[in-house]
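Reader: I would like to learn how to read sheets, helix packing and an interface. Please take me through them one at a time.

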Amino acid sequence: MAVAVRVIPCLDVDAGRVVKGVNFTDLRDAGDPVELAAAYDAEGADELTFLDVTASSSNRETTYDVVRRTAEQVFIPLTVGGGVREVSDVDTLLRAGADKVSLNTAAVARPELLSECSQRFGAQCVVLSVDARRVPAGSEPTPSGFEVTTHGGRRGTGIDAVAWAARGQQLGVGEILLNSMDADGTKAGFDLELISLVRKEISIPLIASGGAGDVSHFAPAVDAGADAVLAASVFHFGQLRIGEVKDAMRAAGVEVR
Amino acid sequence: MLDYGSGNLRSVERALRRVGADIEVTADFHAALECDGLVVPGVGAFAACMEGLTSVRGDRIVGRRLAGGRPVLGICVGMQILFERGVEHGVETEGCAQWPGTVDRLKADVVPHMGWNTVRAPAGSRLFAGLDADTRFYFVHSYAARTWELNPRPPMPEPLVTWATHGEDFVAAAENGPLVAAQFHPEKSGDAGAHLLRNWLGTLD
């Protein structure tokens, strides 16, 4: 037996409320991230991720409160990302009860932020989130053919996405969350080429995200090199359940909890 | 629970409270000496944890408790610092030396070892009593004790060592009289972790 491949639902949280529609039955308040987190835990989620999409910084306190209340009730690991700009933001989230914090745009702007966080809090709680896409025709190509984007995939940076993941490892992060912006929302499956390219360059855990639409999509992402798989909307809308995803992975020979 | 600035303090506190512990988080020397059971959590670097621990005289507290047969539970890096030494990035740091041996980097394709893994508990384990062999616990660590070197002669009781594998075998937990420790995070291991914490509480008088 080996360490199980983790199945991670991701919740988009805006000002303390879950943004995308939720199709769970038996919930008193389907927009409450805390209650939803507990439901995912009960369904067998191996970890939880909150993506804070709150636009206004004055509402950040609400996010911290949600993290605090979730940590009071849910006893599996919780990662929080979105809008994390400084070492002090990471500190506040960890104190509120997050186990890991993911960094994205701010790390692209200032990569040293990753090593500062890793040295202060330990590699185990620093996740580098990489929003990658194929370099569009007409733009300057990168060696891997993939580039890092920021602002939710709207802005290309010209930075090679595979090299950036490797740089994150050098700077001391404990894990890479790899989001395919091309596959995201298509429900046509994970971007296996992207996953395997990044896998070859890093030896820290790799979470694959973007494109899940069917239970059969998860095992190939693991074969391509993912240590964990993450999905958002397919879980929220009840289109896929954690249990059936794990059953399909198990049937395909993947070790799951 | 010993408060020496460890980041996972609150989650361990919440998990223990959930299973019915009356818990006080303290750096007070006498309170930490006199409680029924002392929990030593820990995340991050061995050297930083050891520095924090010694700043509240935690190494002495643990030593004095064990000399008096009073239970101590170390979690994650709180377990690692019970060994003689830790080696990180080529730098050796002295530990509490309650157990002989070295904590160093795991040799595996993917490190940190992050996620839910099974363990192999020996017969007679009180910590894992009532938990099936396929029960998984949440690990997140890059370093571990890869050997167990304490083999006392009778009539001293044999320590109960629980192993896990990630790339290679390492000590996942140990029960050595009043000194008990786990490399994984029971506080993040859902119901399995709660069961294990309840088992430990059950050993306290």
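Reader: Which residue stands opposite Glu88(B) in β4(B)?

Author: Val91(B) stands opposite Glu88(B). Some conventions come before the details. This is a predicted model, where local features need pLDDT of at least 70 and side-chain atom pairs count only at pLDDT 80 or more, while totals for chains, interfaces and linings use all residues. Residues are numbered from 1 along each chain as its sequence is written, chains are lettered from A and ligands numbered from 1 in the order in which they are written, and side-chain values use heavy atoms, with hydrogens and water left out.

Reader: In what sense do β3(B) and β4(B) pair, and over how many bridges?

Author: Two strands pair if DSSP finds at least two bridges between them. Strands (E, at least two residues) and helices (H or I, at least four) are DSSP runs, numbered from the N terminus. Here β3(B), residues 83-88, pairs with β4(B) in the antiparallel sense over 4 bridges.

Reader: What is the strand order of the open sheet of 4 strands in chain B?

Author: The order is β4-β3-β5-β8, with mixed pairing. β4 (91-94) and β8 (143-145) of chain B are the edge strands, each pairing on one side only. The twist averages 20° from one strand to the next. Angles run from 0 to 180 degrees between N-to-C directions, and axes are lines fitted to C-alpha atoms, for helices over the stretch in contact.

Reader: Which helix packs on that sheet?

Author: Contact means heavy atoms within 4.5 Å. Helix α3 (residues 46-55) of chain B packs there, touching β3, β4 and β5 (99-105) of chain B. The direction of α3(B) makes about 25° with that of β4(B).

Reader: How much area do chain B and chain A bury between them?

Author: The size of an interface is often given as the accessible area lost when the parts come together. Buried area is the accessible area (1.4 Å probe) that two parts lose on being put together, summed over both. Chain B and chain A bury about 2,200 Å², 60% of it on carbon and sulfur atoms. Arg14(B), Met114(B) and Trp116(B) supply 32% of the area that chain B buries against chain A, more than any other three residues. In contact terms, 24 residues of chain B meet 29 residues of chain A.

Reader: How many salt bridges does the rule find across the interface of chain B and chain A?

Author: A salt bridge is a side-chain nitrogen of Lys or Arg within 4 Å of a carboxyl oxygen of Asp or Glu. The rule finds 3 across this interface. The side chains of Asp99(A) and Lys188(B) meet in a salt bridge at 3.0 Å, N to O.

Reader: Which elements give two or more residues to the side of chain B that touches chain A?

Author: They are α1 (9-18), β6 (113-118) and β7 (136-141) of chain B. The largest share, 6 residues, comes from β6(B).
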